[in-house]
Amino acid sequence: MAFYSCSRYRLIVFIMLALIIWQCFRLLLPEKPRSLFSEQTILQLEDDKYNKHKLDKVKVRVYYEALCPDSKHFFIKHLWPVTEKLQDFIDVTLVPYGKASTKEENGHYYFSCQHGEEECYANKVHACAIDSLGNMTAAVQITKCMITDNLDADQALSRCTKEMGIAPEPINNCAVHAHGSALLKQHGDDTNIIKPSFIPTITINGSKDNQAAILKNFHLEICKLIDMPLPPPCL
C-alpha cells in the first residue's frame, strides 16, 4: 500500500512538473501575429469609394493647339510623363482649340486658327480622338503621339493609332464630318470661358494661377496637391 501511495505521489509530481515546463515553453514561443485590419477595413481598402486619392483626384485642364510648338513641348516633356506615372491621382481634360475663332453660318461652323487651316483640321482630329477613346490616359497618349508629328494630322493619326492598336477610321470620319466641327465648337466655348493669354494654358483644380511654375515643373505642382501619403513618383 505504501508503495502504491509513493507511486501515485510521484505521478502527480511528474504531471505538475510537466505542466510547469509546458507553461514556460509557451511563454518562449512567438505570439501568433494579429491582423492589423478588420475584415471591414480590408473591404474599405479595396473599395475605391473609400480611397481618398481616387475620390479627390487633382483636376487638370489643358488648353492647347495641335500645331503649337509650346503645346508640343508641354505634352512631350510634362503632360504625358506625369499622366503615365500618376494616372490614378489626376483627372485630365484636353481642350484642343487655343487662340482660334469660330463663326457660324447657315448651321455650319467655320474656324480660323493661329497656325492656319492645317491646325484647325488637326484640332478636329485631336478632338475626335479624345471623344472616340473616352479614356483619359489613352487620350493623353494618342494626342502626345500625334502632336509629336504636328505637320500632317492624317499621317500622325495613322502612325499613332497603329502603335496603339486602335482603328483610325472612326476618328477620321468624325474629323471630316459635322461631329468634328461640333466638338471643336464645344472646345472653343470652353476655351473662351477662361480667355487664355498664352497657349498652352493649364488649369489645376479650376485655377489658372502659377502658369510659369506649372509649365516649368508640372510634376512638382501636381505632387503638391496630392494628399498624404504621397505615391512613390512624388517622393
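# Salt bridges, strands and helix packing in a predicted model

With a salt bridge taken as a side-chain nitrogen of Lys or Arg within 4 Å of a carboxyl oxygen of Asp or Glu, the count comes to six salt bridges. The structure discussed here is a predicted model, and every value below was computed from it.

A second pair, arginine 159 and glutamate 163, has its closest N and O atoms 2.8 Å apart. Here both residues sit in helix α7 (residues 153-164), and because they are four residues apart in that helix, about one helical turn separates them. Arginine 159 is partly exposed at 30% relative accessibility, while glutamate 163, with a relative accessible area of 56%, is exposed. This pair also belongs to a network of salt bridges that links Asp149, Arg159 and Glu163.

Glutamate 221 and lysine 224 provide a further example, their side chains meeting in a salt bridge at 3.2 Å, N to O. Glutamate 221 counts as buried at 12% relative accessibility, whereas lysine 224 is exposed, with a relative accessible area of 56%.

From the charged pairs we can turn to the strands. Strands of a sheet pair through backbone hydrogen bonds, either parallel or antiparallel. In this model an open sheet of three strands has the order β2-β1-β5, and its pairing is mixed. Its edge strands are β2 (90-96) and β5 (201-204), each of which pairs on one side only, and the twist from one strand to the next averages 15°. Within this sheet, β1 and β2 pair in the parallel sense over seven bridges, and lysine 59 stands opposite aspartate 91 in β2. Helix α4 (residues 69-86) packs on the sheet, where it touches β1, β2 and β5, and its direction makes about 155° with that of β2. Helix α5, for its part, lies across β1 and β2 and runs at about 145° to β2.

Strands β3 (residues 101-105) and β4 (residues 108-112) run antiparallel and are joined by five bridges. Together they form a hairpin with two residues between them, and asparagine 106 in the turn has a positive phi of about 50°. Threonine 102 has phenylalanine 111 as its bridge partner in β4.

Helix α5 (residues 117-133) and α7 pack at an angle of about 25°, with their axes 9 Å apart. This makes α5 roughly parallel to α7, because angles under 35 degrees count as roughly parallel. Tyr121, Ala122 and Val125 in α5 meet Ala153, Asp154 and Leu157 in α7, and the residues of this contact divide into five nonpolar, no polar and one charged.

Two individual residues complete the picture. Leucine 184 and lysine 124 are 60 residues apart in sequence, yet their C-alpha atoms are 6.0 Å apart in space. Threonine 137, found in helix α6 (residues 136-148), is likewise buried, with a relative accessible area of 16%. Leaving aside neighbours within four places in sequence, threonine 137 is in contact with Trp80, Thr83 and Gln87.

Conventions:
Residues numbered from 1 in each chain as written. Predicted model: local features only at pLDDT ≥ 70, side-chain atom pairs only at ≥ 80, totals over all residues. Heavy atoms only, no water. Buried < 20%, exposed > 50% of the residue type's maximum accessible area, 1.4 Å probe, protein only. Pairing = 2+ DSSP bridges. Axes fitted to C-alpha atoms, helices over the stretch in contact; angles between N-to-C directions. Parallel < 35°, antiparallel > 145°, perpendicular 65-115°, else oblique. Contact = heavy atoms within 4.5 Å. Nonpolar A, V, L, I, M, F, W, Y, C, P; charged D, E, K, R; others polar.
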